[in-house]
Amino acid sequence: MQTVFYVVNFLLATAQWLIVGRIVMGLFVRNPANAVWQVFLISTEPAYRVSRVLTLGRVPERWLWLVSLLWLFAARLAVVALQRSLTG
């Protein structure tokens with residue numbers, strides 16, 4: 001059971017760091033066809049889609065990265081709290 005919580009927490013943390021990487025890369029990438037940039041776009045888009053759905057599309061694209069990070073952070077806190085309550 002512990003392993004499930006660790007894997008979920010790891011996946012959420014990975015999504016957070018990918019969003020941070022997308023933000024940093026966005027400062028330097030000038031060619032939108034760059035392969036590394038495309039990987040970041042593809043890998044972070046699911047988190048952005050979930051954030052759009054949870055906020056009912058009211059958050060502008062400019063701030064979606066921040067909202068996505070906050071949702072992922074809240075999800076990680078919920079996973080840790082659930083893990084602690086179930087394992088004693």
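In this predicted model, Q83 touches Q2, F5 and Y6, leaving aside residues up to four places away in sequence. Q83 belongs to helix α3, which covers residues 64–87. Its relative accessibility is 12%, and buried means under 20%, so Q83 counts as buried.

Helix α1 runs over residues 2–28, and F28 is found in it. F28 has a relative accessible area of 62%. The cut-off for exposed is over 50%, and F28 is therefore exposed. Together with I23, V24 and L27, F28 makes a nonpolar surface patch of about 400 Å².

The charged side chains come next. Side chains of opposite charge can pair when their charged atoms come close. In this structure the count comes to 3 salt bridges. One of them joins the side chains of R22 and E45, with a distance of 3.9 Å from N to O. R22 lies in helix α1 and E45 in helix α2, which spans residues 35–54, so this pair ties together parts that are 23 residues apart in sequence.

Where does its charged end sit? The charged end of R22 is placed over the ring of Y48, 4.2 Å from the centre of that ring.

Is R52 buried, exposed or partly exposed, and what is its relative accessibility? At 26%, R52 counts as partly exposed, because that class takes in the values between under 20% and over 50%.

Put together, these pairs link R22, E45, R52 and E61 in a network of salt bridges.

How many aromatic pairs does the structure hold? The number is 0. The ring of Y48 does have the charged end of R22 over it, while the aromatic residues F5 and Y6 are among those that Q83 touches, and F28 takes part in the nonpolar surface patch.

Conventions. Residues are numbered from 1 along each chain as its sequence is written. This is a predicted model: local features need pLDDT of at least 70, side-chain atom pairs count only at pLDDT 80 or more; totals for chains, interfaces and linings use all residues. Side-chain values use heavy atoms; hydrogens and water are left out. Patches are made of residues with over 30% relative accessible area and no salt bridge: like charges are joined within 9 Å, nonpolar side chains (Val, Leu, Ile, Met, Phe, Trp, Tyr) within 5 Å. Accessible areas come from the Shrake-Rupley method with a 1.4 Å probe; for residues, only the protein chains shown count as cover. A salt bridge is a side-chain nitrogen of Lys or Arg within 4 Å of a carboxyl oxygen of Asp or Glu. Helices (H or I, at least four residues) and strands (E, at least two) are DSSP runs, numbered from the N terminus. Buried means under 20% relative accessible area, exposed over 50%, partly exposed in between (1.4 Å probe, protein chains only). Contact means heavy atoms within 4.5 Å. Rings of Phe, Tyr and Trp (its six-membered ring) pair if their centres lie within 6.5 Å; planes under 30 degrees apart count as stacked, over 60 as edge-to-face and the rest as tilted. A charge sits over a ring if NZ of Lys or CZ of Arg is within 6 Å of the ring centre and within 35 degrees of the ring normal.
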